[in-house]
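Colleague: I have some questions about the labels in this model. Please set each value against its cut-off.

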Amino acid sequence: MADTVKSTSSMQLEFSFVDGDTRTVSIDNPKTSINLGAAAASIGSYVKEHNILLGDKTGADSKGLKSAHLVNQTTTKLDITPA
Amino acid sequence: MATTSIIVNSTDTSGKSAQKAMTCVNPDATNAQLAALGQMITAASNNTYVETFRINKINCDLESDAPAKPTPTLTATVTNYSLASFESDNGEMIGSTCNLTYNGDGDIFIGKAPIDVGLRFKAFKNGASIAVKPFYIGSAPTLTETVTFKVGFTETANYKACSVDITLTA
């Protein structure tokens, strides 16, 4: 048995709110060809324009996107079968 | 407080269904806006958009203050003493006794009279009642006007404060 490698990725969008709160929305399985800046900008501006997301502490209005990250994660299931 | 959440259903490339829940969504957002956001989120992923659910949660908990403390019953047998109804006996004025019945658990207090007429008051247990009696030390006081003072019981964890006005006339 060999090690089993599993790759996952997610796009993490950090929104900020007028009370200073921030929330991170994680979107799993983003397109591999994604243009992070463009995708984040379109979701971020839509959320801000329509004030869709509220801060989860005081329900404050959205201030817009603060940062966006693409997170690629590799999980390796280790093979511990004796050689 | 009413809160709104959305659940975005999608299908991943292997055909499995996936869900993305987002809480604290603006309750004023329209259904179309929420669905559009669901589609945008899905479009950024490799998944295929299926549907968006809007969940409105209305918190129906009733918030109320702690139960009001009951006002204890306080009755006084005499609320109007006349100084003439007392006679001095070794500094104690013997005569009308104001007997209080009280069903709370507070401490008794005797309020300050507006003028100092040289009278003192004592309260003591008198059978099932509490007696309040004026007394003096030394020479008998003279009253030129009516004196009103409060006799009552303090507020406790269980009962409100209560008091009764007692007047003393010459």
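Modeller: First the scale: buried means under 20% relative accessible area, exposed over 50%, and partly exposed in between (1.4 Å probe, protein chains only). This is a predicted model, where local features need pLDDT of at least 70, side-chain atom pairs count only at pLDDT 80 or more, and totals for chains, interfaces and linings use all residues. Residues are numbered from 1 along each chain as its sequence is written, chains are lettered from A and ligands numbered from 1 in the order in which they are written, and side-chain values use heavy atoms, with hydrogens and water left out.

Colleague: Why is Ser45(A) called partly exposed?

Modeller: Its relative accessibility is 42%, so Ser45(A) counts as partly exposed. The value falls between the 20% and 50% limits. Ser45(A) belongs to helix α1 of chain A. Helices (H or I, at least four residues) and strands (E, at least two) are DSSP runs, numbered from the N terminus. Ser45(A) and Gly64(A) are 19 residues apart in sequence, with 6.7 Å from C-alpha to C-alpha.

Colleague: What makes Asn51(A) count as buried?

Modeller: Asn51(A) has 17% relative accessibility, so it counts as buried. The limit is under 20%. Asn51(A) sits in the loop between α1 (36-49) and β3 (62-77) of chain A. Its phi is positive, about 50°, although Asn51(A) is not a glycine.

Colleague: Is Ser10(B) buried or exposed?

Modeller: Buried, because its relative accessible area is 8%. Ser10(B) lies in strand β1 (residues 2-11) of chain B. Beyond four places in sequence, Ser10(B) touches residues including Lys16(B), Thr42(B) and Tyr49(B).

Colleague: What makes the pairing of Ser10(B) and Asn47(B) a polar contact?

Modeller: Their side chains make that contact at 3.2 Å. A polar contact is a pair of N or O atoms within 3.5 Å; within protein, one must be able to donate a hydrogen and the other to accept it, and residues adjacent in sequence count only if both atoms are side-chain atoms.

Colleague: Why is α1(A) called roughly antiparallel to α1(B)?

Modeller: α1(A) and helix α1 (residues 31-43) of chain B pack at about 165°, with their axes 10 Å apart. That makes α1(A) roughly antiparallel to α1(B). Angles under 35 degrees count as roughly parallel, over 145 as roughly antiparallel, 65 to 115 as roughly perpendicular and the rest as oblique. Axes are lines fitted to C-alpha atoms, for helices over the stretch in contact, and angles run from 0 to 180 degrees between N-to-C directions.

Colleague: Which residues make the contact?

Modeller: Ser42(A), Ile43(A), Tyr46(A) and Val47(A) of α1(A) meet α1(B) residues, among them Leu37(B) and Met40(B).

Colleague: How many residues of chain B are there, and what percentage is buried?

Modeller: Chain B has 170 residues, of which 33% are buried. Its secondary structure comes to one helix and 13 strands.

Notes
Contact means heavy atoms within 4.5 Å.
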